[in-house]
Amino acid sequence: MNALPAFTTLGAGPTVLMLHDVLGGHLTFAPQVESLAAAGYRAVAWDMPGYGRSAPIDPCSFKGLAQSCIDLIEALKAGSVVLVGQGVGGMVAQEVVARRPELVNRLILCATLARGFDASGATEGEPLPELEAGHGLSQWAEFNLPRLVGPGALPEGVLLASHAMAQINPSAYRRINAEAAYFNRQADLERIHVPTLLVAGEFDRVAPPDLMKQMADRIGRSCTLAVLRGAGHMPQLEAPEDFDTALLGFLALPRLLH
């Protein structure tokens, strides 16, 4: 058995579990951990297997990542959770809902798609010498992060994103980013029946708003779409107040979307 993934938690109340992107860690949901806890929720942000203090899994696959998430949900003893996923974390969330829908009572998918993509946003064929040199993703982020965020990004949020990237194990990043290229849960979108919120960044080139709208249309009447102006691929850090307003507003809605 794989070890339970590491996580940070704050607050008490209904559990909201947040799954970060391949270009992140639990810190990339730090603003939401605080705002959710202040609003009366138990906020939990994991470190994906291979990230932070979480041991890697072998084989590294979305089935395995989803099982790690399922194990964590069951260990939290919350019954069912609100599941939030950004980027690759949104892919893991879709995999969890497809496999164990009873564990999720609401779903928030941020800056993600139901099919494979290069979650790094890097130019195809671009060399990544800093990964070979063993410097984490700090040098890579210095060059690529400005292309991932939108023109209205909060500078403090971009700085936190850069700090989180510097902690990433290059091997875990490579393995999971490679798996993301083959992800495909498009056929399962119509089977998502829990209230769902999609959050897109207006300037996200990795998961553009028009593609996320197509996802929302396929999920159907249980789904709403919010597009955050001025934001790119990390809306929860680039526009945390707008993101939290959309998130908390969605969580406050009665469960009449079924």
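This is a short tour of a predicted model, moving from its sheet to the helices beside it and then to some backbone details.

**The sheet.** Start by selecting the seven strands, which form an open sheet with mixed pairing. Reading across, the order is β1-β3-β2-β4-β5-β6-β7. Now colour β1 (7-10) and β7 (223-228): these stand at the edges with a single partner strand each, so one side of each has no neighbour in the sheet. On average, neighbouring strands here are turned by 15° against each other, direction ignored.

**A pair of strands.** Next, pick β2 (residues 15-19) and β3 (residues 42-46), which pair in the parallel sense over four bridges.

Then select helix α10 (residues 240-252), which touches β2, β4 (81-86), β5, β6 and β7. The direction of α10 makes about 155° with that of β5.

**Backbone details.** Most peptide bonds are trans, and most residues other than glycine have a negative phi. Zoom in on the bond from D58 to P59, which is cis; P59 lies in the loop between β3 and α2 (62-76).

Which kind of phi does K77 have, positive or negative? Positive, about 55°, and K77 sits in the loop between α2 and β4. K77 counts as exposed because its relative accessibility is 73%, over the 50% cut-off.

Finish at A111, in the loop between β5 and α4 (129-132). A111 has a positive phi of about 50°, but A111 counts as buried because its relative accessibility is 0%.

Notes: Residues numbered from 1 in each chain as written. Predicted model: local features only at pLDDT ≥ 70, side-chain atom pairs only at ≥ 80, totals over all residues. Heavy atoms only, no water. Pairing = 2+ DSSP bridges. Helix = DSSP H or I, 4+ residues; strand = E, 2+ residues; numbered from the N terminus. Axes fitted to C-alpha atoms, helices over the stretch in contact; angles between N-to-C directions. Contact = heavy atoms within 4.5 Å. Buried < 20%, exposed > 50% of the residue type's maximum accessible area, 1.4 Å probe, protein only.
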